[in-house]
Amino acid sequence: MTRVTVLAGGVGGARFTRGLLQQLAAEDARSASASEVTVIVNTGDDMWLDGLRICPDLDTVMYTLGGGISEEQGWGRPDESRRTSTEIAAYGRGWSWFTLGDLDLATHIVRTDLLRNGATLSAATEFLCRRWQPGARLLPMSDQFVETHVRLAADADEHRAGDLIHFEEWWVRYRATKPVTEFVQQGLADAVAAPGVIDAILTADIVILPPSNPVVSVGTILAIPGIRDALQATPARVVGIAPIIAGAAVRGMADACLSTIGVQTTALAVGLHYGSRQQGGVLDAWLVDETDAAAVPALEAAGIRSAAVPLWMTDVAATARIAADALRLASAGEHTVEPAADHTAEPTLPVAEFAFPGPLRDRLVAAILDGSKTSTTSILREYEIENEPLPVAGSRQLLLDSAERPVAIIETTGVRVVRLGEVDLEHARDEGEGFDSVAAWRAGHEGFWHSPAMRAQLADPAFEVSDETEVVLERLRVVRTLPGS
Ligand code: GDP
Ligand code: CA
């Protein structure tokens, strides 16, 4: 059995966990095992509103995993009316900028009823989850009310500079545009981790920091006494997924939170902010997006195992692949670092060699490693002559540099065989060689295909391509770079 524990905020944490559950279900089916997922959820965004206890992140995770989320919004329920919110506003009460849908309000009413009758937030959460069956155990980070407030740097409407306002007011009403000087977790002094939280970290096989806000979601969870220590002490591997891609928060305004605490909005800076467990931080491993591959060496140098893979959670299948990569990266850390330039590191993988050794290969390999090259083209005849099977999606290869050293593991993510005349601009662009038209791409490739070396390989001294020549179009991604590359 694999025990996985996730430290989650709202939308990013919920979507990641949904993909993780799908991935684990597939792995469990294959190996006839059972995995168990616990999600420790940020409750720093919670508040009292209209007499009700609102827990935005707990509800987002519960609805997302339970199939009741509004996919469009990322929070709340689909197809709900706002009639009750509108009525409350007509009394001049509530927060006009924070509408609660009518279906969602039922959750808050039931939760508040339970709390008023003496239930802890953990117990109320467990009760609500009986209906939603999220497929994972959801634990609030704490049963005490810890609420994140922000200190305003300047006046804003009825607030004065220096005032503390609730994080959700800053986030939703001001879209995080008002400068703030600090985040204050009110109630932290009296808070302890909720029952089961510390245990879920200490007894896990893998702990995951999903792509949640590093400051006000994961950062708040880490501030609860005992949680950071548990992450330090656990025998589990701790792996994180960057919520920042190419220097920007994918959705939301995480950059405003990061700049407030003096951390740059890059996957590298956030990874280093969490820090290596070997040096008092919380990470063993950190996944960055393929476009941030250049950050991998610096992370590895800081003692954080790292790999660059696509991190866009575009749908559940893509998210499941991210989860698979995170699980793989976490367990890869159980071995000592493979020696560089050693084929035995990945003995079962075939090799991928681009062009011939020399400046062209150097350029292509560099473009693959920095994420700018995600497609490649070969002549179908090369495969026929060498009696080599066509690549298949999902297959992995060792990428060799000009010195024939393995520098990365790459994965074929798609294969098409088309006539040369059918190649489209997207494919040409994704070759990562700066082609901005199909004609430019074709001219560049003809130079290579008509070269003496290529003609020799094809055993045809007069070889020439035409619109009818069959070509193999491959899409690829870097699974991880190898040490020493
Ligand atoms: P919140 O409580 O609803 O703000 O949600 P979280 O704290 O769980 O996550 C919000 C963060 O998730 C955002 O700041 C984004 O940086 C990140 N995020 C959202 N969608 C994606 C995605 O598709 N890929 C990655 N890598 N990060 C994402
Ligand atoms: Ca949140």
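Student: Is the crossing of H2 and H5 left-handed or right-handed?
Tutor: This is a predicted model, so local features need pLDDT of at least 70 and side-chain atom pairs count only at pLDDT 80 or more, while totals for chains, interfaces and linings use all residues. Residues are numbered from 1 along each chain as its sequence is written, chains are lettered from A and ligands numbered from 1 in the order in which they are written. A crossing is left-handed if the near helix is turned anticlockwise from the far one by less than a right angle, and right-handed if clockwise. By that rule, the crossing of H2 and H5 is right-handed.

Student: Which residues of H2 and H5 make the contact?
Tutor: Helices (H or I, at least four residues) and strands (E, at least two) are DSSP runs numbered from the N terminus, and two residues are in contact if their C-beta atoms, placed from the backbone, lie within 7 Å. On that basis, the contact is made by Leu58, Met62, Tyr63 and Gly66 of H2 together with Thr125, Leu128, Cys129 and Trp132 of H5.

Student: How do the axes of H2 and H5 lie, and what is H2 relative to H5?
Tutor: Axes are lines fitted to C-alpha atoms, for helices over the stretch in contact, and angles run from 0 to 180 degrees between N-to-C directions. The axes of H2 and H5 come within 10 Å and cross at roughly 20°. Angles under 35 degrees count as roughly parallel, over 145 as roughly antiparallel, 65 to 115 as roughly perpendicular and the rest as oblique, which makes H2, relative to H5, roughly parallel.

Student: What is H1 relative to H13?
Tutor: H1 and helix H13 (residues 316-332) pack at an angle of about 75°, with their axes 7 Å apart. That angle makes H1, relative to H13, roughly perpendicular.

Student: Which helix gives the most to the shell around ligand 1?
Tutor: A residue is near a molecule if its C-beta atom, placed from the backbone, lies within 6 Å of it. In this model 24 residues surround ligand 1, the closest being Gly9, Gly10, Gly12, Ser212 and Pro243. With three residues, the helix that gives the most to this shell is H1.
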